Each structure stands twice: as structure tokens, then as C-alpha cells.
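Colleague: I have a structure to go through with you. Could you take me through it step by step?

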Amino acid sequence: MTGMKRFIFLGLAAALSSACSPEPLPAENAATRETKAGMVEITQFRLAPGVAADDFAQAASSMQSLFLEKQHGYLTRTLTVSADSLWTDIVYWENQQQAERAMQQAEQSDLVLPFMEKIDVNTVRMSFTTPIPTKQ
């Protein structure tokens, strides 16, 4: 795997690991977690050819509970899909170093591979952003 594809794979693994939480967090808990975030990871992608959205959602849920939720610094996430099948994954981290550590661990985890195989890595676009607090 080339360096750039490896980086994308690792970032996507960490960013998408938490997709489709089996039990949604109460809104107040999610909002509280978001305010603690020092870094937000936003990843957009399409599924690999032939992968059904339901199969992807199941793999995402499994990876979230078995891998991502156990990563230090993970706060919360939102996974969405548009009408034209563009997926957007938004993951809140305490800081970028913890997100990068999770990416490194994802590379070595057998729990991540079945999930990653469902994503078309050639369509992945990822950015790291700093949240700006706004008054409610």
C-alpha cells in the first residue's frame, strides 16, 4: 500500500470505526462531548462497488463498538449519507494526537479490515478541523 493510501486507510479506519452506534447517545451527552473536542475529523467517501448500505452500516456498527469506542480521546461521531450515496463521517476527538494514535492502531487491528474493505478508498476525502464554540 502506498504511503498516501496507507494514510487514507488509517484515517478512514479511525474516522469510520464508530459508524452507526447501536444505541444512540442522549442529545445532551453528545453535545457535551462535542464541546470537549479539540479536533474534528471529517471524511467523505463512497462505498466500494457492490456493497449494500445495510451491510456497510452493520460493519460500521461492529467496528465502532469493538474498536473505536475503546480508543483514548474518542468523543462522539455522526455518520450520514446523501441521496446520491456520498457518505460523510464526522468524528470528534479530544485532540489530533489521539486521533493519529487511533489511526496507527487501526492499521494493526483485524477488527478494522472488514469495515475498510467496504469503502472505495479512491473516493476518500478527509480533513481535520478545529471546532469553534458558538453560543446557543
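Modeller: The discussion below covers the strands, the salt bridges, the core and a helix. This is a predicted model, in which local features need pLDDT of at least 70, side-chain atom pairs count only at pLDDT 80 or more, and totals for chains, interfaces and linings use all residues. Residues are numbered from 1 along each chain as its sequence is written, and side-chain values use heavy atoms, with hydrogens and water left out.

Colleague: In which sense do S1 and S3 pair?

Modeller: S1 and S3 pair in the antiparallel sense, over seven bridges. Strands (E, at least two residues) and helices (H or I, at least four) are DSSP runs numbered from the N terminus, and two strands pair if DSSP finds at least two bridges between them. Within this pairing, Thr 43 stands opposite Asp 89 in S3.

Colleague: And how many bridges join S2 to S3?

Modeller: Seven bridges join S2 to S3, and these strands run antiparallel. One of the partners of S3 residues is Val 81, which is bridged to Trp 87.

Colleague: Changing topic, how many salt bridges are there?

Modeller: The count comes to two, where a salt bridge is a side-chain nitrogen of Lys or Arg within 4 Å of a carboxyl oxygen of Asp or Glu. One joins Arg 46 and Asp 84, at 3.7 Å from N to O. This pair links distant parts of the chain, 38 residues apart: Arg 46 is in the loop between S1 and H3, and Asp 84 is in the loop between S2 and S3.

Colleague: Which residue pairs with Asp 89 in a salt bridge?

Modeller: Arg 77 does, with the closest N and O atoms 1.5 Å apart. Both Arg 77 and Asp 89 are buried. Buried means under 20% relative accessible area, exposed means over 50%, and partly exposed lies in between (1.4 Å probe, protein chains only).

Colleague: What about the largest nonpolar core, how many residues has it?

Modeller: The largest nonpolar core has 22 residues, and Phe 45, Phe 56, Trp 93, Phe 115 and Ile 119 have the most contacts inside it. Such a core is a set of buried Ala, Val, Leu, Ile, Met, Phe, Trp, Tyr and Cys residues joined through side-chain atoms within 4.5 Å.

Colleague: Which element supplies the largest share of this core?

Modeller: H3 does, with four residues.

Colleague: Finally, which residues of H4 are buried?

Modeller: In H4 the buried residues are Gln 98, Ala 99, Ala 102, Met 103 and Ala 106.
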